[in-house]
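Please look over the structure shown below before reading on.

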Amino acid sequence: MMAYVTRYVFGTDKLRPNSFEVRGLNGASTGVIQCDDLAIMSQWLKLITDNIVGLTNLQVLNIGLK
């Protein structure tokens, strides 16, 4: 896994309303992304999560080919 998406405030158990954050495994963060609408936030979450999964799968395939 290269990164993950979280709706929680880092280091707490508090949910962010209509926002999320993408964090790298090295602890780097892209910052908080806020959306006006829950449906739009859900679409962003799906697209970003699908991209992370795709990149992770590609990395696993590349490691397996070496």
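R23 is buried, since its relative accessible area is 8% (buried means under 20% relative accessible area, exposed over 50% and partly exposed in between, with a 1.4 Å probe and protein chains only). This is a predicted model, in which local features need pLDDT of at least 70 and side-chain atom pairs count only at pLDDT 80 or more, while totals for chains, interfaces and linings use all residues. Residues are numbered from 1 along each chain as its sequence is written, and side-chain values use heavy atoms, with hydrogens and water left out.

R23 belongs to strand β2, which covers residues 19-24; helices (H or I, at least four residues) and strands (E, at least two) are DSSP runs, numbered from the N terminus. The side chains of R23 and E21 are joined by a polar contact of 3.0 Å, a term for a pair of N or O atoms within 3.5 Å, where within protein one must be able to donate a hydrogen and the other to accept it, and where residues adjacent in sequence count only if both atoms are side-chain atoms. When neighbours within four places in sequence are left aside, R23 is in contact with A3, Y4, T6, F10, A28 and S29, contact meaning heavy atoms within 4.5 Å.

β1 and β2 pair in the antiparallel sense over four bridges, and the partner of T6 in β2 is E21. Four bridges likewise join β2 to β3, which run antiparallel; the hairpin of these two strands has four residues between them, and there G27 takes a positive phi near 95 degrees.

The loop between β1 and β2 contains G11, which counts as exposed at 75% relative accessibility. N18 lies in the loop between β1 and β2 as well, and N18 is partly exposed, with a relative accessible area of 26%. Although N18 is not a glycine, it has a positive phi of about 50 degrees.

Back in β2, S19 counts as buried at 3% relative accessibility. Not counting residues up to four places away in sequence, S19 touches R7, V32, I33, Q34 and M41. F20, also found in strand β2, counts as buried at 0% relative accessibility. With residues up to four places away again not counted, the residues that F20 touches include V5, V32, C35, M41, W44, L45 and I48.

Several of those residues bring in the helix α1. The 28 residues of α1 should span 40 Å at 1.5 Å a residue, and its end C-alpha atoms are 41 Å apart, which agrees; the expected span of a helix is 1.5 Å times one less than its number of residues. At the start of α1, a side-chain oxygen of D37 comes to within 2.6 Å of the backbone nitrogen of A39. M41, L45, I48, I52 and T56 are buried in α1, and the buried residues of α1 pack against β1 and β2. An α-helix has 3.6 residues a turn, so residues three or four places apart point the same way.

Which residues make up the largest nonpolar core? There are eight, namely A3, F20, V22, C35, M41, L45, I48 and I52, where a nonpolar core is a set of buried Ala, Val, Leu, Ile, Met, Phe, Trp, Tyr and Cys residues joined through side-chain atoms within 4.5 Å. β2 and α1 (38-65) each supply at least two residues of this core, and the largest share, four residues, comes from α1. A3, not counting residues up to four places away in sequence, touches V22, R23, G24, L25 and I52.

Terms used
Two strands pair if DSSP finds at least two bridges between them.
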